[in-house]
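Welcome to this short briefing on a protein structure. Take a moment to look around first, and then we will walk through it topic by topic.

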Amino acid sequence: MKSPLWMGPNRLPSTNSTGVSAAKGPVARLYNRANRSPLEIMPNPEKNPGARELFAALGTFAAGFLAVAWAIHAAIADPLRLHADIRSEKLVIMDEMRGRAESAAFGSSHIHNGFNPGAFDRALAGSPLQTRSENLGIAGGSQSEQRAMALAFVRQLKPPAHNSRACFVMLELNAGANFTSDHLVHPRAIDIYDWPTARFVSHLVEPQMTFKQRAGRTGYALAAMALHYTNVGMLSNLIFAPPVDQTQLAGETVDDRRGQIIGLYDPVREAAMAREIAAEPKQMQLAPATIEPGNIQLIDEIAAASAVKGVSFVYIAMPKLSDLALSYLYPDAVDASGIEVPIVNLARPDLYPQLYKAGLWQDDAHLNDLGAKMASALVADRLKQWYAAHGGAPRCGG
Amino acid sequence: MLFVEPRFFLFLAVVLSVYWSLRSNSLRKWFVLVCSYYFYGSWDWRFAVMLCAISAADWWFALRIAGSEIHQRRKLFVTASIAMNLTVLGVFKYFHFFVNSAIAAAGTLHFKLDEPTIRIILPVGVSFFTFQSLSYTIDVYRSEIPPVPSLRDYLMFSSFFPQLVAGPIVRPKYFVPQMASLRTVSLEEVKAAMYLFLLGYIKKVCIADNVSPFVDQVFNHPAAYTGLASINAVWLYTIQIFCDFSGYSDMAIAVAALLGYKLVLNFDAPYLSDSIQDFWRRWHISLSSWIRDYIYFSLGGSRMKYRILVYRNLLITMLAGGLWHGAAWTFVAWGGAHGAAQVVHQEFRKHLPPKPSQEPWRRIAGWFLTLQFVCMTWILFRAPTFATAWLMLRRYLLIDHGGAMTIPAWLLAIGPALLLVQLAMRRCDAGGAVCRLPLTWFALVYGAAWAFAISMLPLGYRPFIYFQF
């Protein structure tokens, strides 16, 4: 039957009406062209490569792969600046605040929700520690991300106009080492897991950890590093960068929030928090916690990378409602290459009972805005006490 | 399990290693059968059972058709097979479409019908494997092929994992004879298959998946975007759907070739077509030839007394083709538009002198008009509703300037750039040139290309568009 509409019943096009020949050569031989019997298109037996040729081919495959991967990697100037969800908005905030904020808090969602830069600054105003801060914590973050952000922050830091200001880098002590497993194949991880980051994460293991924990932590870092150096998704991210989420950015900058994220007040949630607090055991357990070598290394790295001298460091342990059952005991300070770094442990219901009130919590692990204001003021008060006893914070830029 | 996922690469490595270590054709077929059901079962095991049941039933029907001398009995069995396959398709794919359409129609007559609470999940690739199964029993009924005596062989044909979920639709007369002998592949074919797989991966992952967020932005909120952004989004969707689907087909053909089987060519540079008729010779070739052979010809094809009846057949065929693509009236309208365009083209062509290949201007004009028509009709294909499609069409034609939001204007250059690349690749036979390289040089180029491809991997995997069909 002749068809005026498509190709003839037993014909697939080998040429078309534009005069361009259709796929030809070895690739075309893969197709079962309908005008030929399948028995006619049996492959031509050809001499198979020997083991030596196969190994040589594998070697050249690897060489070609690595050469192009290296070239692409070299062409991407700053992987941290590639789009990576909510981290991109934080980088915009950091850029906008450049020269206007000399202190910043870093960490995960506990900082993102629970640090109020305005409250912190007000509590330090008029004291020798006065400063202007911003919140560069990122929900879902990790020690590795906190490291990347803090390094980026101190590298762009300008000495304050007034020499009387302090520069604080506030780090979350108990943030997770890596991102969650679903973030492994994600720009949040891929863009930042270079060799120094992987080495840093490998220093966040303790002898008390189980083998599975240690292997998991280091294995994650190595896997993310492999993805980083093979540029998985990076070029796509560079060329087809999604726009910065203006809604998210507006939510973090409106009313001088300077990066803090504030959830909506919900009385139902407050009642749930009250029930949860009431359900916690009356007797809190206090367990000793160790400072991992990576925590010290992080301070050293940030101090070495800083564009200004005299940056002061603070480690903060942020509170959670589970602290009411089990809380961790950290030392007052750690020593990192001669820099004494105070530790403000807010996760101590016995020391800060005022924080464990239902009206201060967004959920069982995150403070709301009221809680954030209180926690930030408590950090500032603790720093005033600590520096009063230790000779005052160094002058930033001095 | 998608072809672009790391677990598929692992699956394929295991399959190829075991497959080529087996020396007996029978064992290889058993192995491919088990792997195919594992592959399909990775979505939902219940659907794998359903696929097995449908295939077994069609195998039995075909044996009964071939074994019967009585025409009425043959007709009975083929009708039963068609009814079974169409029922499966109707229930799983079109149930909600028909019910919602009935509710809407009753609403216009002021009758209120309640929506059913039952939700039917669409088995992945249902349209492909039911069409494949249908073609088998119909071909046996038409005495074009003998029935497959072995149930294992038939199950392997109907579930062959490279093309099971999104085609190409394989016809038994091309595939089944290949199963009779122990498959072998030459080094040249392995290189060609690897090249084709990478080409498909680049089309899907590096192009289609990267442009899809921009398309989604505009189609999800068309009122907010400017006319230029709408044109941009339509062009990008034109690229996305081609790269997505032809990328899958390339990978399917490549994986089958690595197992020693050859599948049919499914795309042949459709955006270089110089007429709508030419477009349908190049776009989704396995489907267009299927609907031609089993719908158009069954209606009488072009052997009708009056030309209007030929056009009727054509329109019915294209409307059915549109409905095959999706359970929505927008798909039917898309098919109808293409059918109408073919009728117009047929009529128009009568008034032009023959041999258009001797008139370059005519070919160029034909190419431009065809491409514009295809782009515009993709709006119907992509838009969730007629209202969205109408709005997008007005924006595309710059009748309505609309909102203020935009997407990057440079994306407009991707379409023309890709057309030029495709033209150049076909002119110089890029695939052939790469595959003819000595093995070590081929490996070097291949490694370099993979390094580029994975750097273009976008955030998150997006399923192939045609999986929903």
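Predicted model: local features only at pLDDT ≥ 70, side-chain atom pairs only at ≥ 80, totals over all residues.

**Chain B as a whole**

- Chain B has 469 residues, and a compact globule with that number would have a radius of gyration near 23 Å; the value for chain B is 23 Å, so the two agree.
- Along the principal axes, the C-alpha atoms of chain B fill a box of roughly 65 × 65 × 55 Å.
- Buried residues account for 59% of the 469 residues in chain B.
- If you take the contacts in chain B with a separation of 6 or more, 76% of them are between residues 24 or more positions apart.

**Chain A as a whole**

- Chain A has 398 residues, of which 53% are buried.
- Among the contacts in chain A between residues at least 6 apart in sequence, 79% join residues at least 24 apart.
- Chain A exposes about 17,300 Å², with 60% of that supplied by carbon and sulfur atoms.

- Let's start with helix H18 of chain B, which runs over residues 439–455 and has 17 residues.
- From its first C-alpha to its last, H18(B) reaches 24 Å, close to the 24 Å expected at 1.5 Å a residue.
- The buried residues of H18(B) include B:Leu439, B:Phe442, B:Ala443, B:Tyr446, B:Gly447 and B:Trp450.
- An α-helix has 3.6 residues a turn, so residues three or four places apart point the same way.
- What covers the buried residues of H18(B)? The cover includes helix H2 (51–75) and helix H10 (234–239) of chain A, together with helices H1 (6–21), H8 (187–220) and H17 (430–435) of chain B.
- In H2(A), the buried residues are A:Ala57, A:Gly64, A:Phe65, A:Ala69, A:Ile72 and A:His73.
- These buried residues of H2(A) pack against helix H9 (211–229) and H10 of chain A, together with H18 of chain B.

**Aromatic rings in pairs**

- Over all chains, a search of the whole structure finds 62 aromatic pairs.
- One example is A:Phe115 with A:Phe120: the ring centres are 5.2 Å apart and the planes are at 50 degrees, so the pair is tilted.
- Both A:Phe115 and A:Phe120 are buried.
- B:Phe219 and B:Tyr237 also form a tilted pair, 6.2 Å centre to centre with 55 degrees between the planes.
- This pair links distant parts of the chain, with B:Phe219 in helix H8 of chain B and B:Tyr237 in helix H9 (residues 227–258) of chain B, 18 residues apart.
- B:Phe219 and B:Tyr237 are buried as well.

**Charges over rings**

- The charged end of B:Arg28 sits over the ring of B:Tyr19, at 5.1 Å from the ring's centre.
- B:Arg183 lies over the face of B:Tyr261, 5.4 Å from the ring centre.

Technical notes
Residues numbered from 1 in each chain as written. Chains lettered and ligands numbered in written order. Heavy atoms only, no water. Helix = DSSP H or I, 4+ residues; strand = E, 2+ residues; numbered from the N terminus. Expected span 1.5 Å × (residues − 1). Buried < 20%, exposed > 50% of the residue type's maximum accessible area, 1.4 Å probe, protein only. Contact = heavy atoms within 4.5 Å. Phe/Tyr/Trp six-rings, centres within 6.5 Å; stacked < 30°, edge-to-face > 60°. Lys NZ or Arg CZ within 6 Å of the ring centre and 35° of its normal. Rg over C-alpha atoms; globule rule 2.2 N^0.38 Å. Areas by Shrake-Rupley, 256 points an atom, 1.4 Å probe, with all protein chains shown as cover.
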